[in-house]
Amino acid sequence: MSITIDNNSGFCFGVTRAITTAESELKNGPLFCLGDIVHNGEEVERLAKLGLETIDYDDLRTLRSGRVLFRAHGEPPSTYRIAHDNGLEIIDASCPVVMQLQKRIRDTYTANPDAQIVIFGKPGHAEVIGLQGQTGNTALVIQATADIEKIDFHRPVFLFSQTTMSMEEYQHIADEIRKRANQELHVYDTICRNVANRAEHMREFARAHDLVIFVGGRKSSNAQVLFSHCREANPNTLFISSPEEITLELLSPFLHGAKKSVAERVGICGATSTPLWLMEACRDRLQQFNN
């Protein structure tokens, strides 16, 4: 079988910037990271071996010295205050796209104190927490059409989206809100094009192969979105997080007989949080079976 890695998969600009920043700062000594630097366990483990120590918010509150890296997802104002009050040095690797969205939401909230700020996103996601923080945590987070019922339509509604959500789903949500809005409604296009433009490419890549191995972190919302696009285009799409998950048992449904493979064209792709080295390791693992 032929094995191809998708050249357009892998780290987006924001994640690449955060990883590069961490690698550079680690040369200057110990470094903490607030939360997993990326939703990929393999990459987190690699950086941990270089000295990057992951901490949580409870740790941050008790930390009194050191350098703390803020990852690409962005942080709410309260996190900056805690770090400053504790005398910590902040290494800010927040994605510029996320930072721009935070400012947009903060400015909208300040200029429209009586409005209903709505964020289409995954509740509890690191980026969403940062976005909510720009409104004093008053913004409403919705994830599905059923959540629209929570919107106060007696107030002007300003709708934003988490940067890594599906463009199609966001458009659908916006259309449903338009049907019910009886006050002014403002819909902002805030989905990152680096992510959104990958969806159609993923579908094309999946259709071009007999079997697709999608490599991603199980905690990554972007991985779940892109994986769903691949599987819609090609039902023979498997989700894995590490090369070790590629086994004969996993591949057996795609084999015919002892020698001939139904899956003659195998494609490997991944999320914006998937490192190239991990996809290459999966290719090498597949090649072992191929040999």
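These legends go with a set of close-up views of one predicted model. Because the model is predicted, local features need pLDDT of at least 70 and side-chain atom pairs count only at pLDDT 80 or more, while totals for chains, interfaces and linings use all residues. Residues are numbered from 1 along each chain as its sequence is written, and side-chain values use heavy atoms, with hydrogens and water left out.

View 1. Helices (H or I, at least four residues) and strands (E, at least two) are DSSP runs, numbered from the N terminus. Helix α12 covers residues 276-290, and its 15 residues should span 21 Å at 1.5 Å a residue; the end C-alpha atoms are 21 Å apart, so the two agree. The expected span here is 1.5 Å times one less than the number of residues. L278, M279, C282 and L286 are the buried ones in α12, where buried means under 20% relative accessible area, exposed over 50%, and partly exposed in between (1.4 Å probe, protein chains only). Looking down the axis of α12, the buried residues fall within an arc of 100 degrees, so they line one face of the helix. That arc is taken from the directions from the helix axis to the C-beta atoms. What do the buried residues of α12 pack against? They pack against β1 (2-5), α2 (41-49), β10 (211-215), β11 (237-240), α11 (248-251) and β12 (265-270), with contact meaning heavy atoms within 4.5 Å.

**View 2. The β1-β12-β10-β11 sheet.** This open sheet has four strands in the order β1-β12-β10-β11, with parallel pairing. Its edge strands, β1 and β11, each pair on one side only. Neighbouring strands of the sheet are turned by 20 degrees against each other on average, direction ignored. Two strands pair if DSSP finds at least two bridges between them, and β10 and β11, running parallel, are joined by four. One spot to look at is F214, whose bridge partner in β11 is F239. Helix α9 (residues 198-207) lies across β1, β10 and β12, and runs at about 160 degrees to β12. For angles like these, axes are lines fitted to C-alpha atoms (for helices, over the stretch in contact), and values run from 0 to 180 degrees between N-to-C directions.

**View 3. The β7-β6-β8-β9 sheet.** Here is another open sheet, with four strands in the order β7-β6-β8-β9 and parallel pairing. The edges are β7 (140-142) and β9, each pairing on one side only. From one strand to the next, the twist averages 25 degrees. Three bridges hold β8 and β9 in their parallel pairing, and F158 stands opposite H186 in β9.

View 4. A pair of aromatic rings is described by the distance of the centres and the angle of the planes. Rings of Phe, Tyr and Trp (its six-membered ring) pair if their centres lie within 6.5 Å; planes under 30 degrees apart count as stacked, over 60 as edge-to-face and the rest as tilted. Searching the whole structure turns up seven aromatic pairs. In one of them, F158 and Y188 have ring centres 6.4 Å apart and planes at 10 degrees, so the pair is stacked. F158 sits in strand β8 (residues 157-161) and Y188 in the loop between β9 (185-187) and α8 (193-196), so this pair ties together parts 30 residues apart in sequence. F158 is buried, at a relative accessible area of 5%. F160 and Y188 are stacked too, because their centres are 4.7 Å apart and their planes at 10 degrees. This pair also links distant parts of the chain, with F160 in strand β8 and Y188 in the loop between β9 and α8, 28 residues apart. F160 is buried, with a relative accessible area of 0%. Put together, ring pairs make a cluster of F158, F160 and Y188.

View 5. Seven of the eight residues of α6 are buried, so the helix is mostly covered. Those buried residues are A126, E127, V128, G130, L131, Q132 and G133. They pack against α4 (77-85), α5 (96-111), β6 (116-120) and β7. Q134 is in the loop between α6 (126-133) and β7. Is Q134 buried or exposed? At 6% relative accessibility, Q134 counts as buried. Not counting residues up to four places away in sequence, Q134 touches E75, P76, P77, Q102, I105, R106 and Y109.

**View 6. R46 on helix α2.** R46 belongs to helix α2 and is partly exposed, with a relative accessible area of 27%. Leaving aside neighbours within four places in sequence, R46 is in contact with I19, E23 and W277.
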